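Dear colleague,

Please find below the structure that I am handing over to you.

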Amino acid sequence: MSGDDSRPQDLHAPVVELLGLVAFGEMLAFERMARDAALAPDLRRRAMLGELAAVEVDGYRRVAARLAELGVDPQDAMAPYVGPVEEYHDATEPKDWLEALTKVYVGDRIADDFLAEVAALLDAPDGDLVRRVLHDSRYASFAEAELRDAIAEDPKVANRLSMWARRLVGETLSHAQRVAAERAPLTALVVADNGVQKLFQRLTTAHAARMNALDLNN
């Protein structure tokens, strides 16, 4: 083989890194919804999670198809992220329905903000694809509405959920920093704009606004 091998995975390494992370996130979101459905208090909410899970499957298929277009096996692109992402979810396993919803509202939204920031640095069609997949935030909107109703019904739950949210944000940012640091092409994308510190400041600011919206900053 010649020394100037132009394999697609070499030419598109940063893109492949981000798409692999997004694809695995979509796959895992589907699996998590199946587990969260067991915590749902009624059949209406269980059915809702089933509908939302189908959205995650569609997102995975779209990203996987793009990876295939680039000549990359989706499994190979996702593999580096299995350990770090699953470790995060193992460390933040919710105990009940409201904790599961808070994890979506806090942890998932921070993760989506991080991915959207990185996607903004990609050219079309890849950046557009990631933003379209992340833009479908029906589960986050559903979680927000459910949490708002639960807190209105019993304001005392806000204290418990505030503590859970603080743990979630710490774990989420810690694992996001670890992933960005361990994957060189992804790190190159992150620092290409304004640097890691400013990026995480923006993530923290957006998170604080969401917490304030539900009065979860007690």
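The following paragraphs describe the cavities and then the aromatic pairs of this predicted model.

There are 2 cavities of 30 Å³ or more. The largest cavity has a volume of about 700 Å³. It is lined by 34 residues, of which Gly-25, Asp-108, Ala-111, Asp-112 and Leu-115 are the closest to its centre. Helices H2 (13–37), H3 (43–69), H4 (74–91), H5, H6 (126–135), H7 and H8 (157–182) each give two or more residues to this lining. By class, the lining comprises 20 nonpolar, 6 polar and 8 charged residues.

The second largest cavity holds about 60 Å³ of space. Its lining consists of Arg-32, Arg-35, Asp-36, Glu-93, Pro-94, Ala-100 and Lys-103. H2 and H5 are the elements that give two or more residues here, and H2 gives the most, with 3 residues. Of the lining residues, 5 are charged, 2 are nonpolar and none is polar.

As for the aromatic residues, the count comes to 2 pairs. Trp-97 and Phe-142 form an edge-to-face pair, with 6.3 Å from centre to centre and 65 degrees between the planes. Trp-97 lies in H5 (residues 97–119) and Phe-142 in H7 (residues 138–153), so this pair ties together parts that are 45 residues apart in sequence. Tyr-139 and Phe-142 have ring centres 6.4 Å apart and planes at 25 degrees, so they are stacked. Both of these residues lie in H7, 3 residues apart, about one turn of the helix.

With kind regards

Notes: Residues numbered from 1 in each chain as written. Predicted model: local features only at pLDDT ≥ 70, side-chain atom pairs only at ≥ 80, totals over all residues. Heavy atoms only, no water. Phe/Tyr/Trp six-rings, centres within 6.5 Å; stacked < 30°, edge-to-face > 60°. Helix = DSSP H or I, 4+ residues; strand = E, 2+ residues; numbered from the N terminus. 1 Å grid on protein atoms, 1.4 Å probe; cavity = no way out; pocket = protein on both sides within 12 Å on 5 of 7 lines; lining within 4 Å. Points joined across faces, edges and corners; volume = space filled by probe spheres on them. Nonpolar A, V, L, I, M, F, W, Y, C, P; charged D, E, K, R; others polar.
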